[in-house]
Structure formats: C-alpha cells, structure tokens
Amino acid sequence: MPLTPLTIYRLASKVPLKKLLAEGADVTFCKPLARDISSFSSSEVLFAYGRSEPEPIPWLSLLQQHFADVPTIKAQSTRGVLLLRSSGSTYALPFGAGGGFLIDSTQIFRGWGRRIALNLLYDGSGQLIDNGKALRRGRRSQLGQGLVTDVQASKEVPLDVLGFDSAQEILKSVTVARPPRTGWGRYVEGADAFRLRWGGLLANLPALCAELDRLYALRHYEKHFDFIDDLHKVDDHKTLQDVWAEAARLIKTHKLDGLGLSPPRPVDLVTAQFALLGVTGHGQKGGHPLDEFSVENYKDILKALSALASLDANELRKHRLRFTPEDGDSFEEPVKNLLEGVVALGDATYALHGGDVYAVRNTFIGELDDFVDAIDADAAAALSLPTFKSVPMRQKKQRSGGTIPARDELAYNQTIAAVQKGLCMDGKNVITLPKRTTPVELCDVLLAGRELVHSKHGTGSGTLSHLFAQASNSAELLLDSEDFRAAARKRIRDVARGASTAHGPFEAAIPAKLLNGSEHVITLVIITNSWGAASQAPRPVSEVLPFFSKINLRSAVKRLRQRSFTVRIARVPH
C-alpha cells in the first residue's frame with residue numbers, strides 16, 4: 001500500500017465535532033459508510049469538505065500579457081478535514097490546500113507534534129538515540145526554526161558542538177529523518193501538528209493517535225529542551241493586537257522597566273549612529289537622530305516631535321530605525337522587530353522578540369530570575385576589572401584604509417589581559433576544525449589559572465546569545481574534541497609568540513586529555529551602563545538582562561555545569 005501524507009493535530013476541546021470547525025467554514029459533512037462504522041469501534045468520526053471560489057490561475061494571467069491565445073481558466077481547490085474522537089481525545093486531520101483553515105485555530109493543542117518529534121530523538125536518559133554516527137544541523141533562523149537529524153547521533157556529541165546554539169531557544173518545528181518507527185515514511189515533522197507518511201488503514205487511525213499521545217507523554221526531551229513548556233508563539237490576531245497596543249501604551253506612559261531595544265545583528269553600539277524614520281507627519285530626510293540606541297531615547301524623540309501621545313499599535317508598526325555603523329553600510333529595521341521585553345495583559349504574560357509575541361507560563365519569569373540571580377556575578381571585583389570608559393583607546397583599522405582611535409571590545413580585552421597578565425585571544429584568533437563550517441573562538445582572554453574569559457558590550461539578545469554560544473561551544477569542544485584542543489594549543493603558542501609572552505602557563509590550561517571542566521572557570525563579561533554607576537553596587541542580573549537573554553544564559557549555564565565547569569558573570573559598567 002502506498003504511503004499517504006498525514007497531518008495530525010490534537011485538539012484541546014471536547015465539544016461536539018462540528019463545533020471544532022472554523023467559524024463560517026462552508027463545508028459538506030460526510031459520515032462513515034455503514035460497513036465501516038464498526039471499524040472505528042467506540043471512536044466518533046466525521047469528515048467535512050469544501051471547495052474554494054473559482055479564481056483565475058495567476059501564472060496564466062502573467063503569460064497572457066506576453067503570449068497570444070493563452071486561455072482564461074478559473075480553478076477551484078478542494079479541501080477537507082477528518083475529525084476523530086477516540087478514548088476521550090480529539091484529533092483533526094486536514095487534507096488538501098487550505099485544509100488546516102477549516103479547523104478552529106483556538107482549539108489546537110500547541111506544540112503537540114514538536115514534543116513527539118523531540119521524544120523520538122532521545123531515550124529515557126536523555127541521550128540521543130544511537131542509530132548511527134552523525135547528527136546534522138538543518139533549517140534554522142535567528143531563533144531556531146527547526147532541527148533536522150538522521151537520528152544517527154553518537155551519544156557523546158552534544159547539540160551545541162553541531163551548531164544548535166543557545167540563540168535557538170524557541171524551537172518551532174523538529175524534523176526527524178529515518179524515524180525509529182516502521183510505516184511512517186522517511187521522515188516525520190513535529191510542530192503544532194505531527195506529520196508523517198503513513199501506510200496503515202483508515203480504521204487504524206485511533207491506534208495511531210493513541211501511539212502519538214503515548215510518545216507525547218514521555219519526558220525524554222526534558223534534559224535538552226525543557227524550555228518548550230515555558231513559552232509558545234502567539235498567532236491569534238486579537239491577542240497580538242492587544243499585546244502591541246499595550247507595548248505602545250507602556251512607552252507612551254513612560255513605563256519602560258520591562259522593555260528594551262535589541263539590535264538585529266552585531267553592531268558596535270558605541271560608535272554607530274541611529275535615526276528614527278516613519279513617524280506620521282514628521283518626515284525628514286535622513287530621519288531623526290537618536291543620541292543612543294535605547295527605548296528611552298526612542299520615547300524622547302517621539303515626545304520632542306509631539307508624536308508620543310498618538311503612539312498606538314498601528315503607529316508603532318510604521319516606525320523604523322536606521323543603523324549607520326562606523327565602518328559599514330547603513331540598514332533599516334522596524335522598531336517593532338527591535339522591541340524586546342515582557343508585557344502583562346490581564347492575568348497573562350507575553351514576551352516580545354524579533355517582532356513576534358510569545359505567551360509565557362505564569363510562574364516561569366520568577367523561576368528564571370531566581371536562577372540567573374543565583375549565578376556568581378562578582379567576577380568584576382575578583383578580577384579587578386576596570387570600567388569600559390576607563391580603558392585606553394586602540395588604533396582600529398578602517399575598511400577604507402587608515403586607522404582611527406577606538407574604544408571597543410578588543411581594546412577592553414587587551415586591558416583585561418594586561419591587568420591580569422593574561423593572553424588576549426580576541427581578534428582573528430579563531431579555530432577552524434575539519435567538517436565544521438563555523439570557526440570557534442577559544443575565548444577573548446585566557447588566564448593562566450585555567451580561566452576562559454568571554455566579553456560582550458551591550459545587552460541585546462543577539463549580542464548576548466553570541467556571547468553565551470561562544471562560551472558553551474568552546475568549553476564543550478575542549479572536552480569533546482581532541483582536534484580542537486590541539487588546535488587551541490597551537491593558537492595559544494602563536495598568540496604568545498606575537499605578544500612576546502611565555503606560552504607554557506597558558507598552554508597548560510588546555511591539556512592533551514580533558515575528562516571534565518572541574519578545574520576550569522568560564523567568566524562572562526557583560527559591559528553595559530544598565531548595571532548603574534561604577535561607584536554603586538551593580539544591579540541584579542535579572543533586572544538588567546532582557547527576557548530572552550536570561551533564557552539563553554540559563555540554558556548555557558545548565559549545559560556548562562553539567563560538564564562540571566564553574567560559571568561566573570562580571571558586571572562591568574560602561
């Protein structure tokens with residue numbers, strides 16, 4: 001029997017099946033043939049189908065502009081949905097283009113298919129199922145829109161080594177190639193729905209759905225992906241409109257504690273210039289300059305333009321920020337995509353990131369804040385680190401030629417190395433391994449006491465995700481890759497030679513064999529004026545880091561502690 005593509009949703013409601021269809025759906029209902037009713041045993045089943053309005057075929061319309069005798073043909077598409085209730089659970093199987101639109105989206109059990117797919121990747125101990133030799137990374141976006149695996153992973157290889165880094169805390173879908181189930185096709189995919197190619201009979205659907213629910217109930221995914229229970233993306237139009245309206249109200253009423261701006265890509269926020277565009281009634285060539293990249297300054301510009309009082313969700317969507325790096329091309333981003341933070345709406349809490357909205361489990365924020373505030377955050381004092389503004393400038397090469405004075409991360413790392421008699425590994429001192437496309441930085445500064453220092457200026461999620469990914473990737477490679485350790489020792493010798501420094505104490509930090517990280521310290525230096533004045537005690541980490549940065553920090557620290565590394569934070573004022 002040929003395999004049939006199936007998309008299966010779990011529905012949350014137990015109302016009559018007909019009420020699970022989208023409001024206004026124009027469909028015809030069909031019941032099972034009398035001979036098949038007994039096949040579904042105690043299950044309740046209903047099929048509904050509909051046809052779209054005839055519409056001209058778009059590609060024919062295009063060709064009519066350039067060729068004679070191309071006919072005008074209107075086409076209809078047929079779509080349907082099978083509704084099944086078995087053992088107290090309800091499922092929907094859409095068919096045809098647009099079949100999913102026949103389902104009431106508010107009834108869909110979010111993330112059901114994604115968790116099933118993740119549970120197919122791991123055994124009960126949280127180890128990748130060992131069906132072969134290689135785990136390969138697949139589709140991904142800024143937040144990690146998918147993971148493709150052959151389910152062929154050797155157990156000692158962690159996901160981060162293969163590029164699934166801490167920036168990918170929001171996992172939308174998971175595709176598993178060669179799933180460990182016969183009769184499911186070459187791959188399965190899980191998001192809200194679970195997709196497979198199935199060779200069974202229709203009467204066996206209740207048993208298939210029961211097996212999927214059994215897989216969903218497993219806890220195999222939790223060791224690596226427990227965060228999927230804390231957040232889910234919001235798609236409901238009304239909720240999205242209400243959340244963005246509340247975000248605009250918070251800005252308008254100067255209640256900015258939960259909001260910030262996060263750059264869309266790594267940008268030197270100290271030297272770059274910014275301008276606001278798209279404000280209704282206030283067009284200006286080149287935009288309105290911002291003194292600094294912050295939601296406070298964005299609000300101040302709107303106030304100066306007498307445009308703050310009229311800020312609402314629709315106006316917010318029109319605003320854009322132009323970034324002009326000191327040594328690079330300008331680019332623009334919608335302010336909506338840059339806003340980041342937490343918005344409360346009634347009893348619900350929502351997080352903003354990258355222009356999207358995520359619903360947050362009510363108790364999650366408190367648990368997250370408790371975790372990050374429990375991390376040792378006094379490394380700046382322990383290492384006698386200076387403030388950012390106090391470090392000497394360096395001569396920075398420009399793309400157009402020549403040099404300019406610059407106080408940047410490299411200048412700061414050079415100062416750390418000088419203060420602590422360490423080795424500055426920042427710059428172009430990256431390590432490239434065979435079969436790995438992305439080069440890895442060992443650290444920004446290496447100290448003789450087996451301490452790896454990683455630093456970043458700013459608190460945007462993209463910036464800090466890079467910091468946390470750099471720290472966790474290099475630390476785990478130190479344990480898992482003999483080639484990486486050898487390459488790191490060679491790079492240390494080269495850098496020490498260029499700095500006229502003895503390489504022995506630093507090379508000793510990377511032994512030929514390394515079983516765990518119990519003798520190593522990972523220090524994360526975060527430079528921002530949000531810590532407060534240098535003369536005062538710095539603010540808690542939970543009050544300074546944006547919501548998604550705290551999630552990424554928690555994920556990185558958990559993984560590093562599992563490998564016995566000590567992790568601490570250095571809060572450095574700007």
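What follows is a set of questions on labels and the values behind them.

Tutor: Keep in mind that this is a predicted model.

Student: Why is the contact between Asp192 and Arg110 called a salt bridge?
Tutor: The closest N and O atoms of Asp192 and Arg110 are 2.7 Å apart. The cut-off is 4 Å between a side-chain nitrogen of Lys or Arg and a carboxyl oxygen of Asp or Glu, so the pair qualifies.

Student: What parts of the chain does this pair tie together?
Tutor: Asp192 lies in the loop between β10 (187–190) and β11 (194–198), and Arg110 in the loop between β7 (89–95) and α3 (112–121), so the pair ties together parts that are 82 residues apart in sequence.

Student: Why are Asp192 and Arg110 called partly exposed?
Tutor: Partly exposed runs from the 20% limit for buried to the 50% limit for exposed. Asp192 has 22% relative accessibility, so this residue counts as partly exposed. Arg110, at 32%, therefore gets that label too.

Student: What makes Glu315 and Lys318 a salt bridge?
Tutor: Their closest N and O atoms are 3.9 Å apart. The limit is 4 Å, so the label applies. Both residues lie in helix α8 (residues 313–318), 3 residues apart, about one turn of the helix.

Student: Is Glu315 buried or exposed, and how do you know?
Tutor: Glu315 has 9% relative accessibility, and buried means under 20%, so Glu315 is buried.

Student: How many salt bridges does the structure hold?
Tutor: The structure holds 26 salt bridges. A network of salt bridges links Asp230, Arg361, Glu367 and Arg554.

Student: What makes β12 and β13 edge strands?
Tutor: The open sheet has 5 strands in the order β12-β20-β19-β18-β13, with antiparallel pairing. β12 (231–233) and β13 (259–261) each pair on one side only. From one strand to the next, the twist averages 25°.

Student: How do you know that β18 and β19 are paired?
Tutor: Pairing needs at least two bridges, and 5 bridges join β18 (residues 339–345) to β19 (residues 348–353), so the two strands pair. They run antiparallel, and Val343 has Tyr350 in β19 as its bridge partner. Helix α17 (residues 547–562) packs on the sheet, touching β12, β18, β19 and β20 (356–360), and its direction makes about 85° with that of β19.

Student: What makes β16 and β17 a pair?
Tutor: Strand β16 (residues 320–324) and β17 share 4 bridges in the antiparallel sense. At least two are needed, so the strands count as paired. Leu321 stands opposite Glu333 in β17.

Student: Which residues form the covered face of β17?
Tutor: Phe331 and Glu333 form the covered face of strand β17 (residues 331–334), while Glu332 and Pro334 form the uncovered one. In a regular strand the side chains alternate between the two faces of the sheet.

Student: Why is Gln273 called exposed?
Tutor: Gln273 has a relative accessible area of 56%, and exposed means over 50%, so the label holds. Gln273 is found in strand β14 (residues 273–277). Leaving aside neighbours within four places in sequence, Gln273 is in contact with Arg322, Phe323 and Thr324. The C-alpha atoms of Gln273 and Thr324 are separated by 5.0 Å, although these residues are 51 residues apart along the chain.

Student: Why are α13 and α14 called roughly perpendicular?
Tutor: The axes of α13 (residues 461–480) and α14 (residues 482–498) come within 6 Å and cross at roughly 110°. Roughly perpendicular covers 65 to 115 degrees, so α13 is roughly perpendicular to α14. The contact is made by Ser474, Leu477, Leu478, Leu479 and Asp480 of α13 and Glu482, Phe484 and Arg485 of α14.

Methods:
Residues are numbered from 1 along each chain as its sequence is written. This is a predicted model: local features need pLDDT of at least 70, side-chain atom pairs count only at pLDDT 80 or more; totals for chains, interfaces and linings use all residues. Side-chain values use heavy atoms; hydrogens and water are left out. Buried means under 20% relative accessible area, exposed over 50%, partly exposed in between (1.4 Å probe, protein chains only). Axes are lines fitted to C-alpha atoms, for helices over the stretch in contact, and angles run from 0 to 180 degrees between N-to-C directions. Contact means heavy atoms within 4.5 Å. Angles under 35 degrees count as roughly parallel, over 145 as roughly antiparallel, 65 to 115 as roughly perpendicular and the rest as oblique.
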